[in-house]
Amino acid sequence: MKALSLLLIAALGVSGAFAVDRNNFKTCEQSGFCKRLRAFKPEKSQYTLNVDSVFVHGNVFSAEVVTVDLEKKNILWRYALRLSALADGTFRVEMDEADPLYPRYRTQIALEDEPKGDGLKLISQENGKLTLANTQGHKVIITTEPLKIEFVDHTGEVAVVLNENSQLVVEPLRVKTEKIGEDDEQGNAVEEPEGTWGENFKGHHDSKSRGNEGVSLDVAFPGANHVYGIPEHTDNFYLKTTTSGEPYRLYNLDVFEYELDSPMAIYGAVPVLYSHSAKRSSGVFWHNSAETWVDIVNYSEGNVVSSLVNFVTGGQKQRVDARFISESGIVDIFVLLGEKPADVFRQYTTLTGVAPIPPKFSLAYHQSRWNYNDEADVRAVDDGFDQHDIPADTLWLDIEYTDKKKYFTWDVERFRHPTEMVANLTAKGRKLVVIIDPHIKREAGYFVHEDCTEKGYYVKNKDGNDYEGWCWPGSSSYPDFFNPEVTKYYVERYRYENFPGTSKDVHIWNDMNEPSVFNGPEITMPKDCRHWKPPQDGQDGLAAYWEHRHVHNEYGQWYIRATQQGMLARSDGKYRPFILTRSTFAGTQRYAAVWTGDNAAEWGFLQASVPMCISLATAGISFCGSDVGGFFKNPDAELMTRWYQAGAYQAFFRAHSHIETKRREPWLFDATTLARIRDAVRRRYALLDFWYTLFYEHMIDGLPVTRPLFQEFPKEEATFTIDNQYLLGDKLLIRPVLEQGVTSVKLYLPAKETSTLWYDVDSYQVVTANGWINLDVTITKIPVYQRGGTVVPRKERVRRASALMANDPYTLVVALDANNTARGTVYIDDGETYEYRSNKYIYGSFDYQPTAFTYKFINEDANYPTRSWVERIVIAGIKNAPKSAKLVQGGKQTPLQMTLHRGNDVLVVRKPAASMASPWEIQFTY
Ligand SMILES: *[C@@H]1O[C@H](CO)[C@@H](O)[C@H](O)[C@H]1NC(C)=O
Ligand SMILES: *[C@@H]1O[C@H](CO)[C@@H](O)[C@H](O)[C@H]1NC(C)=O
Ligand SMILES: *[C@@H]1O[C@H](CO)[C@@H](O)[C@H](O)[C@H]1NC(C)=O
């Protein structure tokens, strides 16, 4: 689910049908701080570092920075600058007021932990420049007047520059003066920019009792020609310049029928940005949870401003700059120095954490609709999958299962026997996912509402009373998860005894957590609402609470964090929870999977799903997918087929649809379409262990599961702008068919220089990389290629749910490289508990050499009693077939049978029957 229904839109007097109503959402010009700070382009920065204040202690460099009136030379304001060297080639720069009127907000739950420090030394100080070095071969050059900070990579080149364009701003907090319009003591008129103490938008007044408190900083990436990141937007993966249009906006919003190819804000905001060129990758993470706008400027040769820039940068040929503008907070930026794409992606997850390995079922196929109406409907859909031989792991219930949108309750007319309903599903190896939203119905007698009211758990409005908004249940309030007591209360709600009908096999979908407020400004919570803050002596008035404006982009994450704690608590930490969220922020990967929200059954939305999820993946959030088939409108058979084929290769694979659309369970399509959908879903199940292994490896190495091509081929310029193709790990290349009615597609096969081989996963037909090719496609499949030199584990006995396949045998697909070798991995555990933490798992490696194919445990201390075995090994690209083969396992030797297929280049080892529970080797003789 879901944005407002059309009915509700009409009721609220909002115009427009199937198109975003842009008027509901601000442009930069309509956002006071964006307009004000975007226009700020001084010749020279006022910010100067006071050399006498410099202090280096441990990994932290600190100094006073002042702003100076450039004419009168007097100090205007004092700031505290901290620069820390961190592990893994990262630096952090923080700048706050030295003595703010009251504390400014520091984002709280984006970072997983306090980042680890690295050594830092001040190595020289001359001519107004300070040079610092970490222990990893990076340097930082600080120019003191005006302040500029350059980060030098290990090759000695400047990779990132802060304040190159003098757009650093920290607007100091001030007391509201009563004397606006009058003269001050010096006889100057007291002026305040319009909107300093209040702004209006579409009939909503924002009281702004703290005045202007914006922050801004420009970041230059010398040598870069492309930048990426800052999801969530519907644009290309590579970001476009914003010089002649709107900046990219980061402000979590419930945008009804969001627009494609747009820098507008939607549900998520992850303020990490990467630059890339053939030479290097670097990045910055803007650690701020307030509304943020990001400008992208291209200073490369051939652009209008290049003459100016060549002067500034000493003749740099290429440079892309970004500028972050936030409504509040402090300047807090992490500089990631790469040098390769994989390094910057990892540096980011080192800070914000990785996704813990999800329960295995959650990587399988999900069936959802707003709504499955009652128990009989659930049973019919569940049976439908069996009757039509389509595997499925979950059924989902949207908001209508509740008693009038009161979460943690059931509509007892339609869902009389939830426990039995769930038992019926689990008997088949399936699970249930139910929705729980953050808005709480304000209804007398509803226990959650009564508890929250009594205990003061709701977010407060600007006057300190419980904030009331309008959402699915009607009049609603929103628990304030910033208060640990509220989180504790909410955690308890998920206990099986408190939420009857639930069990370890019922998982949770958190929607509307931007938060969505139908009658709020921009369909969200007013910025002057108040959030809890730990009480501290002497902090009252404005210092006693945070405003929603400070924390907005983080709110949804506090919510899913509480849900995760609740789901862990309900099983005493035994079972891994699955949570789906719509709102995202930096660090969301630690809690939940994400979907791209309310899309439509249109080809453009299918296309957009690929860059949207790749962008999120590079921002830590690999567990991403889109509503298969499109949420709004009715897909035709071709679109439905293509969406299933694409979805089968996206991490989160769920069909979902709006309440007003036609029913579209796969068997409601014609028999041919049904067969194609079945085939797409079965392909997913065959690869489930491969997906599961990739998610395990993400947990270990922090890298995206779904990868842009340039992550693996960073020097290959053609890949920098490809966003309709991507990789699963470093092994499979996916090119979903995203275009209507096509009989061929353009496909890029990378790594020509190393003569990389790419194998069609069905035919094992091999193509030697040669850049762009035109490839014929039919409606029955999409191009998927296995990279030569890899081994992919498959399970080909597809059953009705993944749990039933746990002990099934493997088929190992060995795709040889030009040297006739290949490598791969497999991860096996119980699929649902945390016992992997006590070494109850197998992480195995496959190594194929012409003389032997070897399976070993990467961690020899770990083991898992799997009953899976190897039923087939397919070796594709074989040039010289061995005469005989034998299996060596546990001191036993068994001769094996082999057959040659296709043009004698595919060798199949039949039934080696090797157990996966211990290492083995297959030896070949020629
Ligand atoms: C910047 O301009 C250069 C030269 O025109 C171009 O190659 C590059 O793709 C542009 N980059 C961006 C981010 O627009
Ligand atoms: C559970 O399954 C049984 C057997 O098919 C059926 O009779 C019963 O109605 C189901 N219960 C629910 C609540 O769906
Ligand atoms: C083949 O082996 C050579 C020598 O070890 C190595 O340099 C080359 O990169 C390998 N080629 C491939 C495609 O792996």
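Predicted model: local features only at pLDDT ≥ 70, side-chain atom pairs only at ≥ 80, totals over all residues.
**Stop 1: ligand 2**

Select ligand 2 and display the residues around it: Glu-375, Arg-379, His-417, Glu-420, Met-421 and Asn-424. By class, this shell holds three charged residues, two polar ones and one nonpolar one. Now colour helix 5 (375-387) and helix 6 (418-427), each of which supplies at least two residues of the shell. Helix 6 gives the most, with three residues.

For Glu-420, the distance is 2.7 Å, to a nitrogen atom of ligand 2. For Arg-379, it is 3.1 Å, to an oxygen atom of the ligand. On its own, ligand 2 has 360 Å² of accessible area, and the protein covers 56% of this.

**Stop 2**

Select strand 26 (residues 474-477) and strand 24 (residues 440-441), which pair in the antiparallel sense over two bridges. Here Ile-440 stands opposite Ser-477.

Gly-469 has Ser-476 of strand 26 as its bridge partner. Follow the chain from strand 25 to strand 26: a hairpin of two residues joins them.

**Stop 3: Thr-48**

Move to strand 1 (residues 47-57) and select Thr-48. Is Thr-48 buried or exposed? Its relative accessible area is 13%, so Thr-48 counts as buried, the cut-off being under 20%. Leaving out residues up to four places away in sequence, Thr-48 touches Glu-64, Val-65, Val-66, Val-68, Thr-144, Glu-145, Pro-146 and Leu-147.

Methods:
Residues numbered from 1 in each chain as written. Chains lettered and ligands numbered in written order. Heavy atoms only, no water. Helix = DSSP H or I, 4+ residues; strand = E, 2+ residues; numbered from the N terminus. Buried < 20%, exposed > 50% of the residue type's maximum accessible area, 1.4 Å probe, protein only. Contact = heavy atoms within 4.5 Å. Pairing = 2+ DSSP bridges. Near = heavy atom within 4 Å. Polar contact = N/O pair within 3.5 Å; in protein donor to acceptor, adjacent residues only side chain to side chain. Areas by Shrake-Rupley, 256 points an atom, 1.4 Å probe, with all protein chains shown as cover. Nonpolar A, V, L, I, M, F, W, Y, C, P; charged D, E, K, R; others polar.
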